[in-house]
Amino acid sequence: MQRQHAPFRADVVGSFLRPDTIKAARQQFARGEIDAAALRQIENDEIRHVVEQQCNCGLHVVTDGEFRRAWWHFDFFDGLQGVERYDSQQGIQFNGVQTKAHGVRVVGKLGFGDHPMLEDFKFLKSISGNAEPKMTIPSPSVLHFRGGRKDIDASVYPDLDVYFDDLATTWRDAIHAFYNAGCRYLQLDDTVWAYLCSDDQRRQIRERGDDPDQLARTYARVLNKALEGKPADLTIGLHVCRGNFRSTWISEGGYEPVAEVLFGSVNVDAFFLEYDNDRSGDFAPLRFIRPGHQQVVLGLITTKNGELENPEGVKARLQEAAKYVDLKQICLSPQCGFASTEEGNTLTPEQQWDKVRLVTRIAEQVW
């Protein structure tokens with residue numbers, strides 16, 4: 001039951017705590033004390049180190065820790081054609097804390113173009129050795145959901161059906177561009193599906209004039225159109241996240257409201273699902289995971305704090321999940337990244353790596 005290809009029995013979501021050297025260098029760059037080339041060299045050195053650390057923990061998959069980004073999503077959106085970053089009136093409200101006040105809007109025809117993150121991946125691939133380099137980018141639904149209609153220029157897209165078609169085409173182009181750059185493992189990060197599981201978020205969606213169930217069907221269609229023509233040797237995972245900013249969260253609720261549409265119809269190779277606490281609900285929605293090659297990567301190890309989980313408790317939860325989906329289709333990972341934004345979660349680097357080692361150790365024992 002060992003897996004020699006992605007997703008791996010022991011996997012990761014992607015981001016790691018930013019080293020102090022990178023935080024200092026980004027501040028120096030913002031003040032004009034160093035240039036972009038000097039900043040990139042510092043990032044390169046730290047990415048080499050974080051790749052080595054992942055391998056030392058026993059992982060067969062490595063990421064660049066998202067060390068070149070301030071945000072898990074905005075930095076990617078910034079590189080798309082037709083998208084503009086702006087300062088919003090307020091940040092995104094998490095449980096007791098707000099992010100910096102940024103937003104994105106669509107001001108022109110969407111396109112992938114010559115995205116700068118292609119070079120970021122090529123560097124990761126060049127230093128990954130025998131490990132599988134994984135690229136992480138936001139899911140297409142994330143670009144639409146936060147602002148909805150109001151953040152899409154009506155003179156560019158008077159018809160939202162055309163917008164959604166272009167959204168899918170842009171991500172399909174992204175998928176093929178990363179593949180041509182050598183990527184064989186791509187992860188789409190998506191907070192929207194978790195919002196569609198939350199009673200409070202669903203209420204807010206209705207108040208702004210949208211139907212949450214219709215949005216789910218639309219996002220599934222966009223994802224599947226983006227996945228059309230995906231090369232057979234490219235693994236694509238979808239990470240469903242309930243929010244991860246400085247160890248806080250946004251949404252709560254089990255996967256049942258979206259399970260049939262998401263698990264039953266979206267044609268990704270793997271679902272990365274948060275299951276680190278009661279907010280995630282039970283495993284019953286996993287009954288919609290289709291038999292076959294599709295994998296579900298259970299995020300049973302929290303990244304919100306440094307307290308190590310009981311390995312026997314994690315193993316018991318894996319067996320509980322196996323009542324709904326074959327154990328051969330299950331993998332294990334931390335519940336999210338350790339630093340979805342540059343601020344990072346409230347645990348130490350040592351605790352972070354202890355968590356990763358716990359994942360690999362449990363996976364070795366279970367599979």
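**Exercise 1.** Which backbone oxygen does the side chain of Thr63 reach?

*Solution.* Keep in mind that you are looking at a predicted model. Start by finding Thr63 in the loop between β1 (61–62) and α3. Next, follow its side chain: at 2.6 Å lies the backbone oxygen of Gly14. Then look at the wider surroundings. Leaving aside residues up to four places away in sequence, Thr63 touches Val12, Gly14, Phe16, Val50, Val51, Gln54, Leu124 and Lys134.

**Exercise 2.** Is Thr63 buried or exposed?

*Solution.* The relative accessible area of Thr63 is 2%. Buried means under 20%, so Thr63 is buried.

**Exercise 3.** Which residues of helix α11 are buried, and what covers them?

*Solution.* Now look at what lies over them: the cover includes β9 (295–301), β10 (330–334) and α12 (349–366). Finally, go to the start of α11, where a side-chain oxygen of Asn310 comes to within 2.8 Å of the backbone nitrogen of Glu312.

**Exercise 4.** Which element gives the largest share of the lining of the second largest pocket?

*Solution.* This pocket has a volume of about 350 Å³. Of its 17 lining residues, Arg40, Arg68, Asp75, Pro116 and Asp120 are the closest to the centre. Two or more residues come from each of α1 (20–30), α2 (36–56), α3 (74–78) and α4 (117–127). The largest share, four residues, belongs to α2.

Methods
Residues are numbered from 1 along each chain as its sequence is written. This is a predicted model: local features need pLDDT of at least 70, side-chain atom pairs count only at pLDDT 80 or more; totals for chains, interfaces and linings use all residues. Side-chain values use heavy atoms; hydrogens and water are left out. On a 1 Å grid over the protein atoms alone, a cavity is a set of points where a 1.4 Å probe fits but cannot get out, and a pocket is an open set with protein on both sides within 12 Å along at least five of seven lines; lining residues have an atom within 4 Å of a point. Grid points are joined across faces, edges and corners, and a volume is the space filled by probe spheres set on the points. Contact means heavy atoms within 4.5 Å. A polar contact is a pair of N or O atoms within 3.5 Å; within protein, one must be able to donate a hydrogen and the other to accept it, and residues adjacent in sequence count only if both atoms are side-chain atoms. Buried means under 20% relative accessible area, exposed over 50%, partly exposed in between (1.4 Å probe, protein chains only).
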